[in-house]
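My notebook is open and I have a few things to look up. I'm starting with the surface, then moving on to a helix and some backbone angles.

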Amino acid sequence: MEYLSAAFMGLLQGVTEFLPVSSSGHLSLFQNFFNGQAPDALFNVLLHFATLLAVCVVYRADIAAMIAEFFRGIAALARRDGGSEPVPPARRLVLMVILGTLPLVVVLPFKSKVEALGASTLFIGFALLVTGLLLFASDRLKPGRKDERTMTVTDALLIGCAQALAVVPGLSRSGTTISAGTARGLDRPFAVRFSFLLSLPAVLGATLLEVVDAAKAGVDTALIPQYILGMAVAAVSGYFAIRLVKLLAQKGRFGAFAYYCWAVGAVTIIATFVLK
């Protein structure tokens, strides 16, 4: 693997992981149309870890508060201290993230079958069209006011179902969950925040599962410099991608991504028939 290839894969992972355009869909198109090589098991793990770091940097204050409240909540349960005190917002956010992650457990047994859909460029093309529709509709929904204090269990579960559905190649995880959150009446900035915080256990879980494959494949120490470069590019590009999504969502400007997904989806479908 050359340095240029490692940097490109890092950029592709960092940008498409967070922009609502589907990272899995773009990677599959790259492999199918350009004979691109998928990153090896270890590099794939490292790229996902780099994007995980990007989320942690952007939302470090939220994550620190959630970790603290998680342990305080356990301590309160151990003391059986239900009390009449209101639940702190960060502790409530922990609960909502946990509930939103549960639907992923349901699709886990079908992971290999779902990933196999990435071999069909026609399927990915139509999935990108659907992603565009979701983003277009999200822009036109009336902004809600719900946040971590007022969102409900139903909200968390439905957004979690949207995240589980987005394991399908071509459907954007961030676009699907932010659109679902907006449809459920979440405040736009909070819908983005919740989407990215919800990604943490999902990405961490997927990374841990991939570690097993990486360990079996072994480590080529000669590739360590390329791995480091790819991770750095993924982390930096991921950081700026998150900041961009936050800005555009706050202004209700997901339309540009909708047109992009429609364009790529349409070109993919046409190319599939032309090159068949």
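I checked where the nonpolar patch comes from: helix α4 (residues 60-78) gives the largest share, four residues. The patch is made by Ile67, Phe70, Phe71, Ile74 and Ile98, and covers about 470 Å². Patch members need over 30% relative accessible area and no salt bridge; like charges are joined within 9 Å, nonpolar side chains (Val, Leu, Ile, Met, Phe, Trp, Tyr) within 5 Å. A salt bridge here is a side-chain nitrogen of Lys or Arg within 4 Å of a carboxyl oxygen of Asp or Glu. Areas are Shrake-Rupley with a 1.4 Å probe, and for residues only the protein chains shown count as cover.

Note on sources: this is a predicted model, where local features need pLDDT of at least 70 and side-chain atom pairs 80 or more, while totals for chains, interfaces and linings use all residues. Residues are numbered from 1 along each chain as its sequence is written, and side-chain values use heavy atoms, without hydrogens and water.

I looked up Ile98 next: it sits in helix α5 (residues 89-107). Ile98 is partly exposed, at 42% relative accessible area. Buried is under 20%, exposed over 50%, partly exposed in between (1.4 Å probe, protein chains only). Helices (H or I, at least four residues) and strands (E, at least two) are DSSP runs, numbered from the N terminus.

Then helix α9 (residues 173-183): ten of its eleven residues are buried, among them Arg173 and Thr182. Glycine 185 follows α9 with a positive phi, near 90 degrees.

Last, I checked Ser22, in the loop between α1 (3-18) and α2 (23-34). Its phi is positive too, near 75 degrees, though Ser22 is not a glycine. Most residues other than glycine have a negative phi. Ser22 is buried, at 2% relative accessible area.
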